[in-house]
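Have a look first, then we'll talk.

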Amino acid sequence: MQTQILLIVFLPLLASIIAGLVNKNAPSVFAKSITTGALFVSAALSWPIFLGFLGGTATAEVVPVLKWVQSGDMTFDWALRVDALTAVMLVVINSVSALVHLYSWGYMEEDPDQPRFFAYLSLFTFAMLMLVTADNLVQMFFGWEGVGLASYLLIGFWFKKPSAGAAAIKAFVVNRVGDLGFMLGIFGTFLVFQTTSISEILEAAPAMSGTTIGFLGMRLYTMDILCILLFIGAMGKSAQLFLHTWLPDAMEGPTPVSALIHAATMVTAGVFMVCRLSPMFETAPTALAIVTVVGAATCFFAATIGTTQWDIKRVIAYSTCSQLGYMFFAAGVGAYGVAMFHLFTHAFFKALLFLGAGSVIHAMHHEQDMRYYGDLRKKIPITFWAMMAGTLAITGVGVLGVFGFAGFYSKDAILEAAFARGTGISQFAFWAGAVAALLTSFYSWRLMFLTFWGKPRWIDSEHIQHSVHKTPEEAGADTTGGYKPHESPWSMLIPLILLTVGAVLAGYIYKYPFIDGSSDAVNGAFWGGSIYFNENLVHALHAVPLWVKLTATVVMITGFIGAYIAYIAKPDIPAKFVENFGWLHRFVYNKWYFDELYDRIFVKPAFWLGRQFWKLGDIGTIDRFGPNGIAWVVERSSGAAKTIQSGYLYTYALIMLLGLIAAITWVLL
Amino acid sequence: MDGFPILTTMMLVPLVGAILCLFIGGAAARGVALAATLATFALGVLLWASYDIGGAQWQFTERAELFEGFSYALGIDGIALMLIMLSVFLMPICVLASWTSITKRVGEYMSAFLFMEVLMIGVFAAQDLFLFYIFFEAGLIPMYLIIGVWGGDNRIYASYKFFLYTLFGSVLMLIAMFWMVAEAGTSDIPTLMQYDFPVAAQFWLFLAFFASFAVKMPMWPVHTWLPDAHVQAPTAGSVILAGVLLKLGGYGFIRFSLPMFPDASGELAWLIFALSMVAVVYTSLVALVQQDMKKLIAYSSVAHMALVTAGLFAFNVQGLEGAMMIMLGHGLVSGALFLCVGVIYDRLHTREIDRYGGLSINMPYYALFFLLFTMASVGLPGTSNFIGEFLALAGIYQTSTWVAFVCTTGIILGAAYMLYLYRRVAFGVQKNEDAAAMPDITAREWAMMAPIAAAVLWMGVYPESFLAPMRADIAALDARIASAAPANDSQLADGAPRAEAANAIAHEGGEH
């Protein structure tokens, strides 16, 4: 298995370097083939490993690569660790990445910078693989920052747009706020455990559960503060409440990027981290309570915003943010396997939704505003059915005990776990999750109805106007403006079809290994100790009352009906709602004013302080009284000295006399 | 290598080159300077290759007694070796950077640089207190001339400020040195490093040396000479200033202050921490609002150097090694960033950030290098600066969580000002026609950037090459100062274990 693992991780890096250096010196098909080829090889090598863990034949393995740092007692090396948890991530990352590479052949076809784009995509994949195969916290941090770099580069890929440049910086800097927590967490962990090796830390963690430690003048439970610090890192990467503001802006990147990085893989890194360190988090009850609350709050908060946005990608972005919240509170209540299950299914259906949205955007001449869509059902049927499958999966359509789409199994299991956990906080999470599920169903169907049903509203779009060279007045009653939406090329449709299979079947096929740990009697066997497996919770989860099991389905149907009424049956309802509840709509539509708030309390003051320190501090004080002041004093005193040295005898005599008097006075006293 | 005076040879080669340059002048001086610096670099490689890791602490020692209390004594340990390597590595690059941009008094210019190299090797190799002092202070003169003669419009003010600041501290240090030699009876640095000065005297000695090193570092609030000096200096002058001269302060702390005055160092660590914390936040914010590229990078240097001082006074191996790695990494990266500024300054003759924009379009390879160095400056893992920053902060955390917390905010602010700079230069539309017409980097500029880029990645991926030679020396220093370490504020304390797992269903509600 060693060679496979090395190939899986380093092929994308190699492809990225070659594609990036050759850049435009070869036809772009060269860079595209080499990167896409590498990713398909990696994906093909990943599945047998995953299936090996499913079948119980594979065991955890660590492949040493290179010495990294040895400083006193602190050592960490480059190494690749593959266990069941990593195997899940390998499959998710490489499959989605390979499909996104393929999809980009079609989507980016007209872009002059394709080699650069594909090099970035592969670089991202490499960094993400380093993250999930990390054997120590520092390598995880390497991957963590590596994906951050790739995300920065890809968000800013169309760097001529000022908004893309701004979004790229925002993503990086907000993530750095999280990284501050992550880094302090690593330092604290090293201080406590004298190691950065994840397996050694997890082994030693239970013994530390009662200890306390000083941090910024406070005295706290050691494990709580360490886990909270690490979780702050996870919040940044996974765009949780307070550190979420970068994710919607990240939609400035090309759509394949949104599918790969900002839906399926990178943003789930935080969830992966909490699961990877689950034995550690299990010794930190307060930290876990925070994880639960933040996750539950995010899943509700982001879902509310999703119901009001017009940009198709932003709706899906907030949806991602919300779904990540589900994963976190699943982990927070101790259902790590369930959290990973949702991560797994979400990767397929959310990548599908994003790529489907990309296909719609492609069909609609780069228009992203859903107000200008409508009636696309028959025009782009394959995209429509793919989006349909994604929507059925995310809203969790299914019949108990028969069959359901992917989200049906994973999301329902999360709600059941929260309910089964039985604490006050987990009850909060359950209800927040239930309400969010209603909103999820509403905004997902809203997206579908606005895009694929109703009357075409295309001619109001500037993009379409450019395409057909007509104004709405010229088009008159024909609101299509004569525009002909075109179905995407096969390079884009094949990934959609394959992901559709995942969104339909991933839940049904893999529910036992992920939730119960195994399809047979041996619970937890699949995970093989790679996460904390709470068998009691799994039993309790299956034993929740029927109304709890049906809650998700009920709210899903309610959301669907709401969307149907508002956007199909009586399409004037949304406008009336906005009229009557303007303040509420404005608040939600403006994303709860987080951006404005942060701008006021962080961004503007930082620049203001910088100017003050510079003008008043450096120039106004230090230089003024320092070097310039000394120069001034020297100049003045030399001026004074000059007048004394007048050359007249009487001046010297006077000074001599004064000197004598002073000397005598000194001696006498 | 036995008996061959390689250190003296390494100083003689540039010295001969310097004298030659003075006489031949003109274009030929460039060739001589390049040859001399490359030969010195080759000797440096030989030096590194023959350095015996795990061998004697002081290697390649040379000694000639000149007169009572003063000897020409050279020798290096791993720390000095690394700093010498940094100097001789950057030198040929500096010559290349000046190749076309310096057109007046080329001979004198190259000569000044070669003299500079002699003095830099000397200062790291000196084993005699006064010999060190001479090299340490004499280094000012060529740099003063480089700024004052070949600098920008406001060069006289800048060079005067630079000289005034740095000289101020040195006088106090010289007085302290006389006292020390009288007390210990020797000017031999290795002996003095083991000598236990009276604790009361250490306090004043420390402050006297501190005055000099703090200015050289530079630490807040005596940093204001640096932005002016950088802005006015020619590109290569900035590279040497940021790459090597700023390391003299850190080297001073690690060679003198810590081992010679360990008690005072421990006692005054709070002062260093306080100044460092202010510097990280203050200068980072100032960097954020700069309009002049060189000023921005200069202020970022102050913030990075603050991590060095805080790391040094963390009193543990990670802090010390981290500080050394930051010095090496910063030497490469800030030097490279100044080269990046120089490349576009040579084309457009302005450092105003807003005059550029969209350079990724017409200068893709330049944008790539600039991106790499920007990311290294931000401390991205896999680059040189990450290793240093990570180790230093980890070391600081073990001494004080407060200091670690404040210093770590530097990673946020650093990302903000560097990416903001990069965005304004390389991203966006090409709003200025002249900037849009600039050609991508030439072969000569490739030759400047590529070696630094390789070194930055090497140091980030396999820092062992650089850590190994210093390991024994750092361990020895750590052992020497350990007893004076300030108390840490973490104070891990035992307690009764809580519920074994937070979410074990049997233990309902594991809250404490």
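**Where chains A and B meet**

Visitor: Which side chains meet D623(A) or K161(B) in a salt bridge, and at what N to O distance?

Guide: This is a predicted model, where local features need pLDDT of at least 70, side-chain atom pairs count only at pLDDT 80 or more, and totals for chains, interfaces and linings use all residues. Residues are numbered from 1 along each chain as written, chains are lettered from A in the order written, and side-chain values use heavy atoms, leaving out hydrogens and water. A salt bridge here is a side-chain nitrogen of Lys or Arg within 4 Å of a carboxyl oxygen of Asp or Glu. The pair is D623(A) with K161(B), N to O at 2.7 Å.

Visitor: Which helix gives the largest share of the side of chain B that touches chain A?

Guide: Helices are DSSP runs (H or I, at least four residues), numbered from the N terminus. With 15 residues, the largest share comes from residues 401-426 of chain B, helix α19.

Visitor: How many residues does each chain bring to the contact?

Guide: Contact means heavy atoms within 4.5 Å. Chain A puts in 88 residues, and chain B puts in 85.

Visitor: Is P92(B) buried or exposed?

Guide: P92(B) sits in helix α3 of chain B, residues 78-97. Apart from residues up to four places away in sequence, it touches L34(B), T37(B), L38(B) and F41(B). Buried means under 20% relative accessible area and exposed over 50%, with partly exposed in between (1.4 Å probe, protein chains only). Its relative accessibility is 8%, so P92(B) counts as buried.

Conventions. Helices (H or I, at least four residues) and strands (E, at least two) are DSSP runs, numbered from the N terminus.
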